Amino acid sequence: MIPLNDTEPNRYSFFPIMTVTLIVVNCFIYYVEIFVVGADYWPFFMKYAVTPRLIWSAQGSGALSNVTAMFLHGGLSHLLGNMLALWVFGRRVEDACGSWRFLAFYLLAGTSAHILFTIVQYDSIIPGIGASGAIFGVMGAYLLLYPGGRIRTLVILTFVPLWPRIRAIWIVLYFIGIQIVPAIQILLRKADYSVNHWAHLGGFFSAVFILLFLRPEAYARYMSDIAV
Amino acid sequence: MSLSAELQRALEAARAGRRLEARELLLKVVEENPKNEIAWIWLSGLVDSLEDQIIACENALTINPANEKVRAYLLMLQKKQEEALKRRELNEARELLQKAKSCADGGDSVSALRLAQQATQKQADFEDAWLLIADLESHVDQRVAALEKAIAVNPSNTNTRLLLEQARQLRDDPLSLAAHYEQIGKFDEALKVYNEAAARTKDSREFDRIYKHIIRIEELQDEKIQFVAPRSSILRLSFGWPLLYLFLVLVQVGLNPFTHHALLLWLCLPLVFVGSFLLSLSEIRSKHVLWQKLFSEEGDGSSFARLVTATAGWMLVIFPHLLLFIDSISRLRNFRIPPEPF
């Protein structure tokens, strides 16, 4: 199940400038990662990714690594998946917030994701990278703001591709649902996953903070129980 | 019977309280001898109407202009006549205003306006009539003129002063007034002002801009959107950036503020809050006390005031974040990279 696009138009602004900027910056940094850093990735990630043990001991670049980690990706599919989700869910969330407040919310969601990851996997030396924590925050915000929203989604059943408009709640629940079991296993059995499930959950829970970033008109609509 | 004897009889009748008889006799005396001063003086006290009294006095004074007592009496009578005239006009004006109000209540604002204007013609300093005209007048210039007349009659009426201020704002900057009505949740008033502004503008771009506002407010009304006061929006939006900064500082100090001190970073938190508050203030139109305190402005912040506030806000938000990242970079210089576990 791959979300492709939200077909509903923007209400408040013409163009999602910050969403597009974030996508461009992420792609550019991935290019730097691949072609400039190359194979010597370990020192680079130690400096610029989130490593719980380093965070707890206040070593490394702390807050800076927390931000830089949101722009690092482990592979092309990791980058493309995240950027597609950012485009699908971010556009209308940015529309409801305004560009700069959307950036603040995006960074806040990413930071919340890293904080929960650092608390749960406190002794991990594995660096956490990726925009997915922040993007899960954006997905959660989308669900809060547009509960009735529908997303054009690519579904491949056997060999037949379908692209129905599925309710966002089912897509978000699907993506959250697949985090729960691995997250519990990490918590109880210290299972080792290459995906940062707790960061995803941390980002998702931070979606409640979206109410502090909504533009007044969107907030009034939200409070009136009307689609934002 | 001689004339003086007739006058004598008239005076006796007047003294005895037989006013009609005395008046008849005196009229006969002045008919036969119009230059009889005494007869005119007595007659002025016996005729019924104020106008006849004045005529009798004037005749007496024509005969003897040196009679100061009669002159003083005439002045008193003339004053009395003026007061009576004013009283009559005031009563007529009140009646007209009453009719105007009835017409206005019945929805006939054209007749109501005409009657109220007639009332002000009868009584130029009739405050209520001017206020009714201001209320009924569709042209903003005439509304301002009516309110100026009302405030000239009663300068201590604060409500009229407020109405005049709003009418002047409507005349000089209608969009700002409409925005103000929107801020305080008076969508009907805002819509009225926008409609008036749209009717008055001759610029098609300006019309499009106003039309968009009208559509937006009509949508708000159709959707029955709950009103959120600008002050609560400013407060709500003030918390976003400080929360991000708080989380970043927590990450910087190892999620435990008690083991790794960073006093300067914590002290910057209120700065971020103030910056965030200024940013929100610059964005949301509101008659805030800060516009008055910082820029001596009565309204909801001029473009200049907003620009200055937004710039100050951004500086206060960015500066602590810069400090935080400088601290991160300085830590990175002393950082010894741990060996790869794999």
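I started with S2(A), which is joined by three bridges to strand S4 (residues 165–167) of chain A, the two running antiparallel. The model is a predicted one.

Next I looked up the pairing of S2(A) with strand S1. Strand S1 covers residues 2–6 and S2 covers residues 150–157, both in chain A, and four bridges join them in the antiparallel sense. Here I noted Ile2(A), which stands opposite Leu154(A) of S2(A).

I then went to strand S3 (residues 160–162) of chain A. S3(A) also pairs with S2(A), antiparallel, over three bridges. In this pair I found Pro161(A) of S3(A) opposite Ile156(A). The two strands form a hairpin with two residues between them, and I wrote down that Thr158(A) has a positive phi there, near 50°.

Last, I turned to the contact between the chains. I have 35 residues of chain B in contact with 35 residues of chain A. On the chain B side, I listed the elements that give two or more residues: helix H13 (230–237), helix H14 (240–252) and helix H17 (303–333) of chain B. H14(B) gives the most to that side, 10 residues. I also sorted the side of chain B that touches chain A by class, and got 23 nonpolar, seven polar and five charged residues.

How values were computed. Residues are numbered from 1 along each chain as its sequence is written. Chains are lettered from A and ligands numbered from 1 in the order in which they are written. This is a predicted model: local features need pLDDT of at least 70, side-chain atom pairs count only at pLDDT 80 or more; totals for chains, interfaces and linings use all residues. Two residues are in contact if their C-beta atoms, placed from the backbone, lie within 7 Å. Ala, Val, Leu, Ile, Met, Phe, Trp, Tyr, Cys and Pro count as nonpolar, Asp, Glu, Lys and Arg as charged, and the others, Gly among them, as polar. Two strands pair if DSSP finds at least two bridges between them.
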